[in-house]
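Me: I have a model open and would like to talk it through with you, one question at a time. Shall we start with the contacts and work from there?

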Amino acid sequence: MNARTRGCMLVAMLGVGPASAQCPNERTQAVPADLEIGAAQDCGGFQYRIAGVQVNSSDGGCPVFVIYTPPHEIAVASSEGTKVEPTGAPSPITMASFKCQTNWFLFVPIGSSCVLDRVVNLGFVPHLHTVPCTGSES
Amino acid sequence: MYTPIPHRSTPPRPASAGHPLRVTLVLAVPMLALAAALFAVTTWLRPPDAGRADREPTPSVALDSSAQNAEPAGAPVTRHLVSQPAAEASTAAPAAADATFEERIEQLVTLGMRTAQLAQQDEIDAAKASDQEVRRLFEDLMQRFADAGERGLARLAGMPDPGTDARDAARRVVLQLVLRTELARRHDAANAAADRSRIDPLVQSLLDVMPQASATAEIGGDLLANRPYLRLVHEPGVLALVRLAGEQAFSRPIATRLLLTLWDNLQRTGERSSEELCQLAMLLLADADPSRRTAACRQLLVDVRYRGLVMSWLRERNDLAVANEVAGLAARELPPADALAVLRELAPILPSAPGAYVVLAHRAPEVVATCYRELLASDIQPGMRKDLIAGVGMTSSALGLELAQLALQNDPSPDVRMQAVFALTANAAGEPAERALQQVLDDPEIAGNPTRLDAVVFALQNLEVGGHTNAVDRVGQRLRSMSLSASGRRELEVLLARSLPGGKTSLPTPR
């Protein structure tokens, strides 16, 4: 870290110091965990035409991804003279990607399977708690 | 965004798990060849004996109790069936022209498993030949048995819940295929003749047996969800499943999928008008049952006349779980521009919904990218900008990387810049990803904020997933010297221990 960076960091940290102290009137609100499932990809399955009827494998195939957002807290307005502060480390939002592993010519689609490709962190969510504003924060 | 609708309930297996249905049929190979030859001769030299199928009684799948009174998933199923199909047939019997339905199913199971085995052994020509034989046998089965659906359903309902037996699993696949094909052909016939007297009872029977076991529930859900078969006559059956879900006696995701499908079908076929459905939805909007509420929200959201009503109801209710659910619905189902508008309106009660934006960006990356550029130019709504970058940045596309770089270099919000780093470390090559990390460690608004600095460790984990060990070494070494929280430091040390020999960076940590 060079001197300029250190200087910038000092300014940034001072910027949220006592000089700007004013009670933000906030409290925490819990956000429940969320699971978002992406669109399905064609896992091979099968396509078959019998007696003039086209039969396809189910729409519900292999999801492209699944995103898990852990439970966390957000700050919302309050009139009770409180503020929110981080408590502990944040939690990662994870994104698991899937791919199809297919035996492509099977009539009975037992040869295709949905396999985990990779899991990456998509972002993070904070953990907050509510504390009373101090006397100097009004 | 809560969308507990797994497309397949079976958890995905790791790539190394191998094929689920490994069988050893070394001795069976010559016997099967002989059986196939015998079958070919007997079948090709004789016309189909359709009379045989007619003589076999159709097994009844009528229940002695309604779905409302059905036992929870996993309960014994023996009392439900009035009659069961014949005992399990020989697995190696040839599909002679007079073979029973059961015998034919068992032969399909055997041949299907053999095809899979041949494929695994890279015996491609033999597998293709076996595959052709399976197709031929299946077509023959469907042609001979006009009641294949009822027979298959009765057989399926009598099966035990999924276990580890490979043959049971394969049998389930074959029976599911029989039902899927039967439903498709009866649907076509019903449309052609404007007569639903053959498909509606089969669908009702399927609804009735679904609560009997988790296997029938999953297969029924798979066969009926997002398909045109559920109609007004099935509404009581679907609502019975919703009710069971409310009593934790049936799968909630499957019940929700079926209710959504039913409403779609009612509207599409005109059995219930859009107006009627919206009125019903408004009544159900405040329903405590999550399936009904989801269906109501979706119905009202897709109708532009009622969208504002849903949004004001959400603001008034201020329930983040429902807001998440609505965000997910909008991202998946509304036209992209409308979805963005809904997400923007949700922002006051749901400040962040990255999952919904990722779903939307996979559908319409350009729409999301354009929205980000516009908001950046105006320097407004940093919360939404962050989610837009999360969305488009995770599409693993050139556009996503371009937008992430744009955000990292130009966005005034440190949270958006941090989000860009996640996109770059997850999807860019090692060098630009490492550069992005080094840049945010020089960024006082990130390095000086304990929460954001801890999150940099999560981004570094993405480099580990990408196999960029040298970059992990260099960035990890630098992070060690910074003011991480205790838990952030623990996370970093675990990561370095996983990635580097002995957890040691190539250079000692500067003090």
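Predicted model: local features only at pLDDT ≥ 70, side-chain atom pairs only at ≥ 80, totals over all residues.

Me: What percentage of the residues in chain B is buried?
Reply: For chain A, 33% of the 138 residues count as buried. Chain B has 511 residues, and the buried part of them comes to 48%.

Me: Which element of chain B has the lowest mean pLDDT?
Reply: Chain B averages a pLDDT of 79, and 80% of its residues score at least 70. Over residues 1-55 of chain B the pLDDT is below 50, although this stretch has 85 contacts in the model beyond near neighbours in sequence. Residues 60-93 of chain B also stay under 50, with 81 contacts beyond four places in sequence. Among the elements of chain B, the highest mean, 97, belongs to helix 19 (residues 398-410), and the lowest, 33, to helix 1 (residues 28-45).

Me: What ipTM does the model score?
Reply: Two scores are reported for the model. The pTM is 0.65 and the ipTM is 0.71.

Me: How many residues of helix 5 of chain B are buried?
Reply: Helix 5 of chain B covers residues 148-157. Its buried residues include B:Glu150, B:Arg151 and B:Arg155 as well as B:Leu153 and B:Leu156. The cover over them includes helix 3, helix 4, helix 6, helix 7 and helix 8 of chain B. The helix is mostly covered, and the count of buried residues is 10 of 10.

Me: At roughly what angle do the axes of helix 7 and helix 8 of chain B cross?
Reply: Two packed helices are described by the angle and the distance between their axes. The crossing of helix 7 and helix 8 of chain B is left-handed. B:Val203, B:Leu206, B:Leu207 and B:Val209 of helix 7 meet B:Thr216, B:Gly220, B:Leu223 and B:Leu224 of helix 8, which by class gives six nonpolar, two polar and no charged residues. The axes come within 9 Å, and the crossing angle is roughly 145°.

Me: Why is helix 12 of chain B called oblique to helix 13 of chain B?
Reply: The axes of these two helices of chain B come within 5 Å. Angles over 145 would count as roughly antiparallel, and 65 to 115 as roughly perpendicular. Helix 12 is therefore oblique to helix 13, as their axes cross at roughly 130°.

Me: How many charged residues are in the contact of helix 12 with helix 13 of chain B?
Reply: Helix 12 of chain B gives B:Cys297, B:Leu300 and B:Leu301, while helix 13 gives B:Tyr306, B:Arg307, B:Leu309 and B:Val310. By class, the contact has six nonpolar residues and no polar ones, and the charged count is one.

Me: Is B:Ala361 buried or exposed?
Reply: B:Ala361 is in helix 16 of chain B. Leaving out residues up to four places away in sequence, B:Ala361 touches B:Val368, B:Gly391, B:Val392 and B:Thr395. A residue needs 20 or more other C-beta atoms within 10 Å to be buried. B:Ala361 has 29 such neighbours, so it counts as buried.

Me: How far apart in space are B:Asp131 and B:Thr115, C-alpha to C-alpha?
Reply: B:Asp131 is in helix 4 of chain B and counts as buried, with 24 C-beta neighbours inside 10 Å. B:Asp131 and B:Thr115 are 16 residues apart in sequence, and their C-alpha separation is 6.0 Å.

Me: Where is B:Asn226 found?
Reply: Most residues other than glycine have a negative phi. B:Asn226 has a positive phi, near 60°. With 16 other C-beta atoms within 10 Å, B:Asn226 is partly exposed. Its place is the loop between helix 8 and helix 9 of chain B.

Note on methods
Residues numbered from 1 in each chain as written. Chains lettered and ligands numbered in written order. Helix = DSSP H or I, 4+ residues; strand = E, 2+ residues; numbered from the N terminus. Buried ≥ 20, exposed ≤ 12 C-beta atoms within 10 Å, placed from the backbone. Axes fitted to C-alpha atoms, helices over the stretch in contact; angles between N-to-C directions. Left-handed = near helix turned anticlockwise from the far one by under 90°. Contact = placed C-beta atoms within 7 Å. Nonpolar A, V, L, I, M, F, W, Y, C, P; charged D, E, K, R; others polar. Parallel < 35°, antiparallel > 145°, perpendicular 65-115°, else oblique. pLDDT = per-residue confidence, 0-100.
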